[in-house]
Amino acid sequence: MIDGKTKICGIMGNPLGHSLSPQMHNAAFSKLGLNFAYLPFQVEKENLEKAVEGIKAFQIRGINVTVPHKVRIMKFLDEVDEIGLKIGAVNTIVNEKGALKGFNTDARGFKKALEKEDVKLEGKKIMVLGAGGAGRAIAFQCALEKSKVTIVNRTLEKAEKLQSDVKSKLGKEIEVLALSNEDRVKEKLKEADVMINATSVGMKEEKSIIPREFLRSELVIMDVVYNPVETKLLTEAKKAKCKKIINGVEMLVQQGALSFEIWTGKKAPVDLMREIIMRELKGK
Ligand code: ATR
């Protein structure tokens with residue numbers, strides 16, 4: 001029940017109609033009996049600064065930030081965590097008595113999703129397909145964990161920008177390849193331990209980012225696309241008997257769980273959060 005003491009959290013982005021975060025967080029708050037509520041806040045690009053002032057003015061406790069504000073919002077915050085600063089994007093804000101602190105829980109959410117399947121990143125050869133927001137967070141986390149990273153992207157320049165950012169922020173070398181360079185991509189995959197699709201290919205479509213014959217049973221395959229839960233890439237990975245298959249729901253849930261813990265100081269009910277997301281996705 002919302003009353004005069006309810007602490008407000010929410011998500012800021014545009015569009016928000018597809019977001020599953022309100023259902024996930026409200027279910028988690030009520031499971032733990034916390035007097036919190038989570039709302040969608042649709043914010044146009046030109047209103048971002050005013051919206052951030054609103055977080056302070058309304059004494060909102062926590063905010064998730066999504067497309068298109070993850071990068072630009074940083075300059076309006078009082079503090080940003082180390083990984084957020086390095087990646088250059090935040091997806092979570094906590095309001096501590098009027099001081100706004102930003103975090104990037106995508107990166108750690110990615111790591112947790114793999115850990116749940118007992119996949120360690122250290123020393124592994126990892127191919128990340130995509131150099132957008134998700135690809136950047138994943139590449140930085142992998143580089144931090146001392147993995148050997150290859151970024152593959154449709155637009156090579158974007159991968160090269162990520163490569164130079166990782167070099168300047170972490171002092172680490174990563175390789176880049178154009179997605180169109182299929183021979184090299186196939187070669188690289190022969191020696192890779194993990195392959196992650198961090199592009200939007202496969203979202204609400206029967207399409208895979210790479211040809212099925214590139215997949216091998218020694219590979220761990222992860223998709224950040226969560227709708228459908230089993231993307232074409234993951235179906236093909238099953239057929240290729242890939243070692244482990246991790247869907248996009250896990251990263252969504254884990255990044256949400258980390259945000260929840262930052263706002264409430266309580267351990268997130270991860271199993272319930274996953275259940276809610278799966279239920280919502282099945283209902284669609
Ligand atoms: P997100 O925040 O989800 O990562 P984004 O920043 O828009 O979203 O990035 C989308 C990623 O998917 C990019 O790597 C993009 O490739 P480009 O940098 O070349 O645009 C990739 N992507 C989107 N549609 C694609 C397609 N049809 N084929 C290959 N890559 C695609």
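Phe29, Phe36 and Phe260 form one aromatic cluster. The model is predicted: local features need pLDDT of at least 70, side-chain atom pairs count only at pLDDT 80 or more, and totals for chains, interfaces and linings use all residues. Residues are numbered from 1 along each chain as its sequence is written, and side-chain values use heavy atoms, without hydrogens and water.

Rings of Phe, Tyr and Trp (its six-membered ring) pair if their centres lie within 6.5 Å; planes under 30 degrees apart are stacked, over 60 edge-to-face, the rest tilted. The count comes to three aromatic pairs. The centres of Phe29 and Phe36 are 5.0 Å apart with planes at 35 degrees, so this pair is tilted. Phe29 sits in helix H1 (residues 21-31) and Phe260 in helix H9 (residues 248-264), so the pair ties together parts 231 residues apart in sequence. Phe260 is buried, as is Phe29.

Now the ligand. Its shell has five nonpolar, seven polar and two charged residues. Of the 14 residues around the ligand, Ala134, Asn153, Arg154, Thr155 and Lys158 come nearest. Here, a residue is near if one of its heavy atoms lies within 4 Å.

| Residue | Protein atom | Distance |
|---|---|---|
| Ala134 | polar backbone atom | 3.0 Å |
| Thr155 | polar side-chain atom | 2.4 Å |
| Ser200 | backbone N or O atom | 3.4 Å |

Taken alone, the ligand exposes 640 Å², and the protein buries 69% of that.

Note on methods. Polar contact = N/O pair within 3.5 Å; in protein donor to acceptor, adjacent residues only side chain to side chain. Areas by Shrake-Rupley, 256 points an atom, 1.4 Å probe, with all protein chains shown as cover. Nonpolar A, V, L, I, M, F, W, Y, C, P; charged D, E, K, R; others polar. Helix = DSSP H or I, 4+ residues; strand = E, 2+ residues; numbered from the N terminus. Buried < 20%, exposed > 50% of the residue type's maximum accessible area, 1.4 Å probe, protein only.
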